[in-house]
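Have the structure open as you read.

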Amino acid sequence: MAKSVYSVLFIFLIIFMSVANASDQSRVIIHDVPDEIMERQFENLPPSQLSRQDSIDIGNYRFEGETFKVLVILVNWAARPETYSVETFDSLFFSRDIYPGGSIADYFDEVSYGQISIEGDVYGWTPGGVYTPSYYFEPLLYDLDQVIDFSQYDGNGDGVVDAVIFIRSGNGEEDSGNPFDIWSYAYSYPMGYGPGPFDGVMVSRWCTAPETVPLRGPINPQEFSGVDTINYISTAAHELTHNLGLPDVYDYDDKLVVSTFSTPDDYNDHPFVDWCLMGYNGYGLLAIKKSVPPHICGWGKKEIGWITPILLDGVEYTDLIINNVETTNENSLFRIPIGTSNEYFLLEYRNPQSTALFDKLDSDFSVYLYPDLAIGPDTLDRGLMITHVDGGINTVSRFNNGTPTYNHYAVVVEDAGYNPSRDATSNPLGHVTDSAQWWYPYETRKAALFSSDVPGQELFSPNTYPSSDGYNEPSGIHVLVDSMVSDKLYAHVWVDPDLDGFIGTADNCPAEYNPLQADFDLDEFGDACDNCPYVYNPGQIDIDEDGTGDACEFICGDANGDELVNILDIVHIINYKYKEGLEPVIMSSSDVNKDHLVNILDIVLLINYKYKSGLAPECWQ
């Protein structure tokens, strides 16, 4: 009997070795594993041979389709038997409105506003052979090709299985801290690469999550109780969202260094904390007893195509209504451009009081701040989440690292609760508490959003901390939360680019502000003075004597800019047009007949006007 067991094991190892290199492991991005664990967990991984085009292909991939087919493979080991049944995991993944706290299918139906349906099957429990923390699961796909029709899991017909997720018996190292557990992760190959083909399709994206999660001690959460329970859906949902094409939005730098959790402006400043499934809250790494995952942030939903931001490129919106993003994609995400750069802000109203099933609880660092913080998560505060996006950063691996890799994050929440002028003594009771109103030294997620409920945290502007300025230029953007009533937030948004405290015509022409880049003044450049048009007039001087000192001051016909109209202007236009002379100082002032051209007709009109009592110039404005 023992001999036959060893024979089967030997055969399995031979099969494992023969298929382990069936896919090109050098052309893959592995998500979620910290650098210090990567080498240990993937000790035989070859050096990366990802080309720039491979990285672009992986980074640009977004799942397109209405049905997302998920193949769930349950994996156990002789030394690590399973605890829960196939039927339990079928309910956890695919049931609707049944599973306690919500299933994977419930989650993606809600966050996609019903635009994607999760369907699939659960296979298992499948023997995993010899257990090792560096096990990477791909060989099982070849073994199961005999019993699984992989073509049934290509929901959008692109020749690639939508998602394979291996649920492995036992805990994950990300929860337990035990190096003998496997850290959960996701594999992303360029489209069409990876294991396969199986039944005519490839497996270009797959992931893994643990079966169970260890419960922490009821008295001291820094200790484990020794009891495990079925894992919450957060980790599996996070890994499957990689299969949809989204990157992580947390900072990998010093990810596991606990001191970074308490040091502002260091290498790991939690750009999303618990406001996105693809941040730390995908794991609930900083949470205790947390079973309900947050929504995917508005940026992520935009990237997948579930929501289209409404562009706010005007000067002022006095009564902007923003619906809560949890229950509707209509008027719930707004985009404000920052000057002429690739940067912009996204506005979304996060409302844990909504009728949504998810997006209810924070992950408030209880495990690291016990006993200052009560054990377990708090209810998320409601308010306006403002995300600062730099569209010019388009990295793939370790997408959202900040310093020292980059000067700033690609996508980061503007934290209304953090003020560097305050320290822990500024908080209630003189230290970090569950009712703290600001970030110091940990984010406890109380009033961290912009909110009319908390005095001093209702305004986002160039003069607040954080500031509404861009990374490379001032923005003049002001966002004021007027009130929040049920599922609606009322805001006042305005742009004061010249920062004089007034909204007016002079704001049309601050330095380099011309989002349309339109050449209205015919000087062959779409620049700052095309919005006025023509000149910037911060002193509000009424040069053209039209009764208003505004941004469009000029003297019609004053081609040389001396604030007079005489023979010198006529000579200036003649030299410009016919003798390669200097162009008019203000081009439109020379277009005296308003035909959008500067030619002999303008010269004739000026001569008739100035010296023959003809009609006055009509300069185009």
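## Helices α5 and α8

In this predicted model, helix α5 (residues 104–111) packs against helix α8 (residues 233–244) at an angle of about 55°, and their axes are 10 Å apart. Angles under 35 degrees count as roughly parallel and 65 to 115 as roughly perpendicular, so α5 and α8 are oblique to each other. The crossing of α5 past α8 is right-handed.

Which residues make the contact? From α5 come Ile104, Tyr107 and Phe108, while α8 supplies Ile233, Ala236, Ala237, Leu240, Thr241 and Leu244. Sorted by type, the residues of this α5 and α8 contact are eight nonpolar, one polar and no charged.

## The nonpolar cores

The largest nonpolar core holds 61 residues, and the members touching the most others are Phe93, Ile104, Phe108 and Ile165. There is also a second, separate core of 32 residues, with Val75, Trp77, Leu141 and Val161 among them.

Take a look at Phe108 in your viewer. Setting aside neighbours within four places in sequence, Phe108 is in contact with Ile116, Ile118, Ala237, Leu240, Thr241, Leu244 and Trp306.

## Helices α11 and α13

On the α11 side, Ile567, Ile570, Ile573, Ile574 and Tyr578 take part, meeting Ile600, Ile603, Leu606, Ile607 and Tyr611 of α13. The residues of this α11 and α13 contact comprise 10 nonpolar, no polar and no charged.

Methods. Residues numbered from 1 in each chain as written. Predicted model: local features only at pLDDT ≥ 70, side-chain atom pairs only at ≥ 80, totals over all residues. Heavy atoms only, no water. Core = buried A, V, L, I, M, F, W, Y, C linked by side-chain atoms within 4.5 Å. Buried < 20%, exposed > 50% of the residue type's maximum accessible area, 1.4 Å probe, protein only. Contact = heavy atoms within 4.5 Å. Axes fitted to C-alpha atoms, helices over the stretch in contact; angles between N-to-C directions. Helix = DSSP H or I, 4+ residues; strand = E, 2+ residues; numbered from the N terminus. Parallel < 35°, antiparallel > 145°, perpendicular 65-115°, else oblique. Left-handed = near helix turned anticlockwise from the far one by under 90°. Nonpolar A, V, L, I, M, F, W, Y, C, P; charged D, E, K, R; others polar.
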